[in-house]
Amino acid sequence: MTDATGARRADASPSGSTDDQVARRAVAAVWRIESARIVATLTRMTRDFGQAEDLAQEALAEALEQWPSTGVPRNPGAWLTAVAKRRAIDGWRRRERYDERLAAIAHDLEAEQQEAADAAPWDPDRIDDDVLRLVFTACHPVLSREAQVALTLRVVGGLTSEEIARAFLAPTATVQQRIVRAKKALADAHVPFEVPARDEFGTRLAGVLAVVYLVFTEAHAATSGDEWMRPDLAREAMRLGRVVASLVPDEPEAHGLVALMELTAARFPARTDASGQPIPLDAQDRARWDRTLIAHGRAALARAGRLAERRRTGLGAYALQATIAECHAVAPSVDATDWPRIVAAYDGLLRLAPSPVVGLNRAVAVSMAPEPDGGPSVALAIVDDLAGDRRLAASHLLPSVRGELLARLGRDDEARAEFERAAQLAQNARERAVLLAKAASRT
């Protein structure tokens, strides 16, 4: 129901009080979807990255106080932004900088109006996108790569420190400290809120691509919560990736990343059932895959390949992953998939960027490849070699893969134990339910 202001009111409990949980869920959902634009707008207004995020967090706290009684506003993102702006103005007034800041804002508005009046020729290097400015600010060279990724996942992806820690396989306290130090470093260096000039892209692109990739990875398989995927976040990552690729049209890996995201997102419509439960690859209805995204992804991958050949270099990490996604996208079934080509792509990935997660994924591909070089027995030996890697100690991935291989080998008791262990480690509710169901099927 809505009140006179158009706010959607929370249902009342039998005691007459509003349902706080409805408001909390609404706040969480709005933050997931709108956080990047809110923080970007506030950064442009305040010219202070750290202050912008603090203001956004204060607005969230005010929403948690007000929405249970007033209802969720018709446009909650705009409500949060307005509250944060009001708090910024209140802060300036208290610090006796009100007139100075208002003058700066007025000057910016006058400059924008003058630009529109002058109708200057279109500048292909100018990107009027606050979210992209936000990404480049968070990926500034004064920060370490780890700090760049953590900070952007926080302010662009809307992830909590705990979720980022799981994505990094790092302690939560480490991520929190990384974010605090990163914001301080940006403030101390007076980093401008802008997209860098084209001649600076060589030193900035790798960090931006890494951030976009990790944001998409979170969207593809959420680290926690009740939803397995976050299509809204995936769309934002793809949008940012395409914009970056348009800025550097001769950079193979920019197009490789776009290809990877599009070929992967093409399978989203078939990855969950009507209730949101995950559907494994071998059970997906391939007729539901998005053929337009597949065509776009393959075109982007082909372009990445041509550019790499022109440079006389091999495919980069994103293009190799896109090659794997393409193998899945064009195959009529799991059995008809070109598994040897996928194994070869993983071999290339391991040479470029060694990682235990890549090793696990390669083991899965090996398990599907023809014998004698493939099969579940060969793959299980690979997985067992990875078991000692500390980076996988808190991850559900290793016991999950091991359980699958043991099940295929008919070792049901061992498979059940691995699935149960994986379920204990899984942070996503949907994934945990799938793992428990697999464990139960081995009794």
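Analyst: A crossing is left-handed if the near helix is turned anticlockwise from the far one by less than a right angle, and right-handed if clockwise. Helices are DSSP runs (H or I, at least four residues), numbered from the N terminus. This is a predicted model, in which local features need pLDDT of at least 70 and side-chain atom pairs count only at pLDDT 80 or more, while totals for chains, interfaces and linings use all residues. Residues are numbered from 1 along each chain as its sequence is written, and side-chain values use heavy atoms, with hydrogens and water left out.

User: How is a helix pair described, and at what angle do α16 and α17 cross?

Analyst: Two packed helices are described by the angle between their axes and the distance between the axes. Axes are lines fitted to C-alpha atoms, for helices over the stretch in contact, with angles from 0 to 180 degrees between N-to-C directions. Here α16 (residues 376-386) and α17 (residues 397-408) cross at roughly 155°, their axes coming within 10 Å. The two are therefore roughly antiparallel (over 145 degrees). Their crossing is left-handed.

User: Which residues of α16 and α17 meet?

Analyst: Contact means heavy atoms within 4.5 Å. From α16, Pro376, Ala379, Leu380, Val383, Asp384 and Leu386 meet Leu398, Val401, Arg402, Leu405, Leu406 and Arg408 of α17. These contact residues divide into nine nonpolar (Ala, Val, Leu, Ile, Met, Phe, Trp, Tyr, Cys and Pro), no polar and three charged (Asp, Glu, Lys and Arg).

User: Is Arg402 buried or exposed?

Analyst: Buried means under 20% relative accessible area, exposed over 50%, and partly exposed in between (1.4 Å probe, protein chains only). Arg402 has a relative accessible area of 17%, so Arg402 is buried. Leaving aside neighbours within four places in sequence, Arg402 is in contact with Leu380, Val383, Asp384 and Glu418.

User: What is a nonpolar core, and which residues touch the most other members of the largest one?

Analyst: A nonpolar core is a set of buried Ala, Val, Leu, Ile, Met, Phe, Trp, Tyr and Cys residues joined through side-chain atoms within 4.5 Å. In the largest, of 93 residues, those touching the most other members are Trp67, Leu80, Leu132, Leu134, Leu151, Val156 and Phe216. Helix α1 (residues 20-46) gives the most to this core, eleven residues. Apart from this core lies another, of 33 residues, including Trp339, Leu386, Val401 and Leu435.

User: How many residues of α6 are buried?

Analyst: Eight of the eleven residues in α6 (residues 145-155) are buried, among them Leu151 and Leu153.

How values were computed
Parallel < 35°, antiparallel > 145°, perpendicular 65-115°, else oblique.
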